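Let's take a walk through this model together. Keep the 3D view open and follow along.

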Amino acid sequence: MDYNVYVISANRYNDLPFNKKQKEDYIFCVKNGQSDLYKQNGCQNVYDTGNLMDSRNFALEHAFKQNKICIQLSDDIKKVKLNKNFYQLKEIQLDVAIKDIVNKFKQIKGVYLMGVPPTDNYFFANKLVVENKFCIGDMLFVKPNELRFDKQLTLKEDYDYTLQHIQKAKVLRYQKYLFTFKHYSNKGGAVDIRNDKEEEKNIMILKSKWGDKVRLNTKRKNEILI
């Protein structure tokens, strides 16, 4: 099973952290009306796919029709490094890490979703593989299956998608590599719609859908835990 890398992006066509080859090889799922702007900045495979959930589901459909693993990647990745809990600390090329994770994923039967650590702090990634933990949407590896992102959500869709997969089968998080993303400090993407009202709305949807499988993070405002 081969794979495609999909960059889920909006409003960041002139601030992409990818080299020339990555812009040629990756598939960019972007906000409607922005495909030409991405192409002008070197991206070759670009689709106007709409909002966040539409873009994520487009990527799944596009990959699965080719019987490929769908890798979904945020457009604000900064660096990748080996987890010093297990290896000598050093930076790794993104594509090298992706290929290694895919090879690991291919060997595992009965698992359709694999994620990476949600933080680049090695303290929170002290096991090489963990089961049924949150898989952050910044870097997702998905084998062909019927599950899709919930269109009623505008944020925190990765929590819901993780729970869908836990309900279906086992979910794995592979923690050989630590990924650094800009997240909240980076203009564009989900940051443009993130506010207290929107966060609270999505938390209510998740709690109504999943009940006590989701709880509030008492240490961080508008954050939840599985």
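Which handedness does the crossing of helix 5 past helix 6 have? Helix 5 passes helix 6 in a left-handed crossing. (A crossing is left-handed if the near helix is turned anticlockwise from the far one by less than a right angle, and right-handed if clockwise.)

## Before we start

This is a predicted model, where local features need pLDDT of at least 70, side-chain atom pairs count only at pLDDT 80 or more, and totals for chains, interfaces and linings use all residues. Residues are numbered from 1 along each chain as its sequence is written, and side-chain values use heavy atoms, with hydrogens and water left out.

Helices (H or I, at least four residues) and strands (E, at least two) are DSSP runs, numbered from the N terminus.

## Helix 5 and its surroundings

Helix 5 covers residues 157-168. Its twelve residues reach 17 Å from the first C-alpha to the last, close to the 16 Å expected at 1.5 Å a residue. (The expected span is 1.5 Å times one less than the number of residues.)

Nine of those twelve residues are buried, so helix 5 is largely enclosed by the rest of the structure. Buried here means under 20% relative accessible area, exposed means over 50%, and partly exposed is in between, using a 1.4 Å probe and protein chains only. The buried ones are E157, D158, Y159, D160, Y161, T162, L163, Q164 and H165.

## Helix 5 meets helix 6

Two packed helices are described by the angle between their axes and the distance between the axes. For helix 5 and helix 6, the angle is about 15 degrees and the axes are 11 Å apart. (Axes are lines fitted to C-alpha atoms, for helices over the stretch in contact, and angles run from 0 to 180 degrees between N-to-C directions.) The two helices are therefore roughly parallel to each other. That label goes to angles under 35 degrees, while over 145 counts as roughly antiparallel, 65 to 115 as roughly perpendicular and the rest as oblique.

K156 sits in the loop between strand 8 and helix 5. Is K156 buried or exposed? K156 counts as buried, at 8% relative accessibility. Leaving aside neighbours within four places in sequence, K156 is in contact with E199, I203, L206, N222, E223 and I224. The side chain of K156 also reaches the backbone oxygen of N222 at 2.8 Å. That is a polar contact: a pair of N or O atoms within 3.5 Å, where, within protein, one must be able to donate a hydrogen and the other to accept it, and residues adjacent in sequence count only if both atoms are side-chain atoms.

N222 itself is found in the loop between strand 11 (215-216) and strand 12, and is buried with a relative accessible area of 14%. Most residues other than glycine have a negative phi, and most peptide bonds are trans. N222 has a positive phi, near 60 degrees. N132 also has a positive phi, near 55 degrees; N132 lies in the loop between strand 7 (129-131) and strand 8.

## Over to helix 3

Helix 3 has 13 residues and reaches 18 Å from its first C-alpha to its last, close to the 18 Å expected. At its start, a side-chain oxygen of N51 reaches to within 3.2 Å of the backbone nitrogen of M53. The buried residues of helix 3 pack against several elements, including strand 1 (3-9), strand 4 (69-74) and helix 5.

Now pick out R56 in helix 3. R56 is buried, with a relative accessible area of 6%. Which side chains does the side chain of R56 join in polar contacts? One is that of Q72, at 2.8 Å, and another is that of E157, also at 2.8 Å. E157 is one of the buried residues of helix 5, which brings us back to where we began.

Notes: Contact means heavy atoms within 4.5 Å.
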